[in-house]
Amino acid sequence: MFWEAYTFRHVVGYCGKVPAGVRAAVRGVVQSGVRAAVQDAVPSGVPSQRYVPSGVWVFGSLVIGYLFLGGAGCGALVALSVMACLPGTTDRSRIPGHVGTQGQQHVAAWSPTSGQRLSLPVDFFRRAWPLCTACIAAGVVCLVLDAGRPERLSNLFLYANASPVSVGAWALAASLAVSVAFSYLTLFDHRPLPRAFSLVLGLAGVTSGLVAAGYSGVLLTWLPSVAFWQTPLVSVVFTLSALSCGLALLFLAAAFTQTRQAILLPLTKLAQVDGLLILGEASALAALLLWGVWGSDASATSGPALALAAGDLAAPFWCGLVVLGLAVPVAMERRISFANMTPQLVWIGALVLLGGFLLRWLVVSSGAWDVTQISQVGWGMTGW
């Protein structure tokens with residue numbers, strides 16, 4: 001049997017061409033054949049769910065790059081758009097992040113009930129918004145390159161429907177458009193804009209960013225070729241990770257912002273929010289592993305879960321993701337100080353981004369440990 005890697009081009013190019021009933025029937029036949037073949041090939045005493053056929057990889061590096069870059073960019077879009085929506089800007093006639101005619105050099109991120117003014121300098125937004133745009137654009141480039149032909153992606157917009165792939169594509173395009181608009185308005189001079197305009201644009205950024213961030217996990221859940229992905233926990237983990245990676249981008253932007261303004265307090269608040277996101281991500285990840293090992297379909301899902309927890313992927317999972325990507329950033333975020341703020345923000349941002357990349361690489365790679373994985377012929381993606 002020949003095994004080939006699934007790519008995004010298969011989802012875009014062939015989605016909906018084969019009737020659902022035919023796909024389900026073929027999938028059942030192929031899965032039964034795969035299970036039988038694996039059981040015959042596995043030596044006695046070796047659990048069949050741990051056996052991995054050589055060369056079985058579900059997604060390539062370009063899709064993993066999109067899951068990471070697109071998720072981080074959309075997470076940053078959500079955070080920056082929330083700042084744009086909250087009241088308290090120094091010049092309400094302009095969008096947050098622009099220097100007004102009075103010469104003010106900062107905008108309020110939010111106004112707490114205590115009356116304290118938590119603000120970030122305009123130079124921060126002039127770095128954060130382009131960085132957000134660059135990450136989303138890089139994610140889009142990864143999808144285009146993986147699709148092989150751009151016209152395959154254009155079909156998602158020409159023949160829009162309610163499928164997760166189509167909704168995610170529209171959300172990603174909207175996220176890129178909003179981030180480009182905010183980047184332009186913060187980088188270049190412009191006429192005063194009504195507060196309502198920035199509010200509408202910010203709400204659009206929050207909505208499209210959340211949908212696009214969650215879409216990366218839905219994309220995996222929507223493909224039934226790997227049983228380990230057939231749970232909402234995958235979407236929850238990816239969404240929380242995307243939001244955390246977005247804040248990591250903001251930390252990097254703040255680390256390279258030169259200002260005399262006291263920004264330790266707002267950055268500390270952002271670090272507290274990121275700590276909560278990381279704790280939620282770790283909890284959802286633990287729940288995903290427990291579901292994989294002891295879930296209702298453990299015979300099909302235990303292979304990937306055990307590969308992550310105690311198998312071939314255990315070293316990068318525990319040392320890279322859990323320790324460096326989750327535990328260390330949370331500990332550092334509780335110790336941010338004015339004297340060492342710049343190197344601390346750089347390390348926090350870099351480690352969170354490392355954890356975000358490892359999470360996506362590990363979850364996608366774990367699909368190779370799923371014996372129910374079916375070939376492209378069974379999906380109707382070649383020769384149909």
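Predicted model: local features only at pLDDT ≥ 70, side-chain atom pairs only at ≥ 80, totals over all residues.
Figure 1. The chain has 384 residues, and 53% of them count as buried. Taking the contacts between residues at least 6 apart in sequence, 78% join residues at least 24 apart. The accessible surface comes to about 16300 Å². Carbon and sulfur atoms account for 67% of that surface.

**Figure 2. S175, a buried serine in helix α6.** Helix α6 covers residues 164-187, and S175 is found within this stretch. Is S175 buried or exposed? S175 counts as buried because its relative accessibility is 0%, where the cut-off for buried is under 20%. Which atom lies 2.8 Å from a polar atom of the S175 side chain? That is the backbone oxygen of A171. Leaving aside residues up to four places away in sequence, S175 touches C74, L77, I136, S208, G209 and A212.

**Figure 3. A nonpolar surface patch made by Y184, L187 and F188.** Here we move to the surface. Together, Y184, L187 and F188 have about 310 Å² of accessible area. Helix α6 runs over residues 164-187, while F188 has its place in the loop between α6 and α7. Helix α7 itself spans 195-222. With a relative accessible area of 47%, F188 is classed as partly exposed; that class lies between the 20% and 50% cut-offs.

**Figure 4. The salt bridge between D123 and R126 in helix α4.** How many salt bridges does the structure hold? It holds one, and the partners are the side chains of D123 and R126, at 3.8 Å from N to O. As a reminder, side chains of opposite charge can pair when their charged atoms come close.

How values were computed. Residues numbered from 1 in each chain as written. Heavy atoms only, no water. Helix = DSSP H or I, 4+ residues; strand = E, 2+ residues; numbered from the N terminus. Buried < 20%, exposed > 50% of the residue type's maximum accessible area, 1.4 Å probe, protein only. Polar contact = N/O pair within 3.5 Å; in protein donor to acceptor, adjacent residues only side chain to side chain. Contact = heavy atoms within 4.5 Å. Areas by Shrake-Rupley, 256 points an atom, 1.4 Å probe, with all protein chains shown as cover. Patch = residues over 30% accessible without salt bridge, like charges linked within 9 Å, V, L, I, M, F, W, Y side chains within 5 Å. Salt bridge = Lys/Arg side-chain N within 4 Å of Asp/Glu carboxyl O.
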